[in-house]
Amino acid sequence: QVQLVESGGGMVQPGGSLRLSCVASGFSFSNYPMSWYRQAPGKERELVADITNLGSSANYADSVKGRFTISRDNAKATLYLQMNSLKPEDTAIYYCNVRQYQYHYWGQGTQVTVSS
């Protein structure tokens with residue numbers, strides 16, 4: 001019943017910005033930390049950022065620190081990732097994630113391509 005639906009990906013030039021969204025349903029959104037992961041071709045899926053259930057604290061991968069901002073709107077059951085100063089190495093499929101106990105739920109992913 002847990003569903004996560006990402007949107008907002010696309011193609012952008014280096015230095016550009018995108019805002020990703022993840023609409024969640026099927027669980028009590030405000031009770032769970034949420035995360036963004038990404039996976040580039042031929043690479044392992046990596047954690048990009050996570051945020052506590054009420055949005056009071058966030059963590060970021062070193063590679064995106066200072067450029068990306070994770071946030072959430074619990075009233076809308078929506079997770080966001082604001083991506084600024086994008087680099088070609090940010091190109092990946094970006095996934096929304098929630099962990100409940102030891103089970104991870106994933107969205108379908110949204111493609112981000114950074115290229116000139």
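In what order do the elements of the protein run from the N terminus on? Colour the chain by secondary structure and follow it from that end: the elements run β-β-β-β-β-β-β-β-β-β-β, which amounts to 11 strands and zero helices, where strands are DSSP runs of E of at least two residues and helices are runs of H or I of at least four, numbered from the N terminus.

This is a predicted model, in which local features need pLDDT of at least 70, side-chain atom pairs count only at pLDDT 80 or more, and totals for chains, interfaces and linings use all residues. Residues are numbered from 1 along each chain as its sequence is written, and side-chain values use heavy atoms, with hydrogens and water left out.

Next, select the C-alpha atoms, which fill a box of roughly 40 × 25 × 20 Å along the principal axes.

Of the contacts with a separation of 6 or more, 52% join residues 24 or more positions apart, a contact being heavy atoms within 4.5 Å.

Finally, select F27, F29 and Y32, which form one aromatic cluster. The whole structure holds five aromatic pairs, counted where ring centres of Phe, Tyr or Trp (its six-membered ring) lie within 6.5 Å, with planes under 30 degrees apart called stacked, over 60 edge-to-face and the rest tilted. The rings of F27 and F29 have centres 6.2 Å apart and planes at 50°, so this pair is tilted. F27 is buried at 16% relative accessibility, and F29 is buried at 5%.

Key
Buried means under 20% relative accessible area, exposed over 50%, partly exposed in between (1.4 Å probe, protein chains only).
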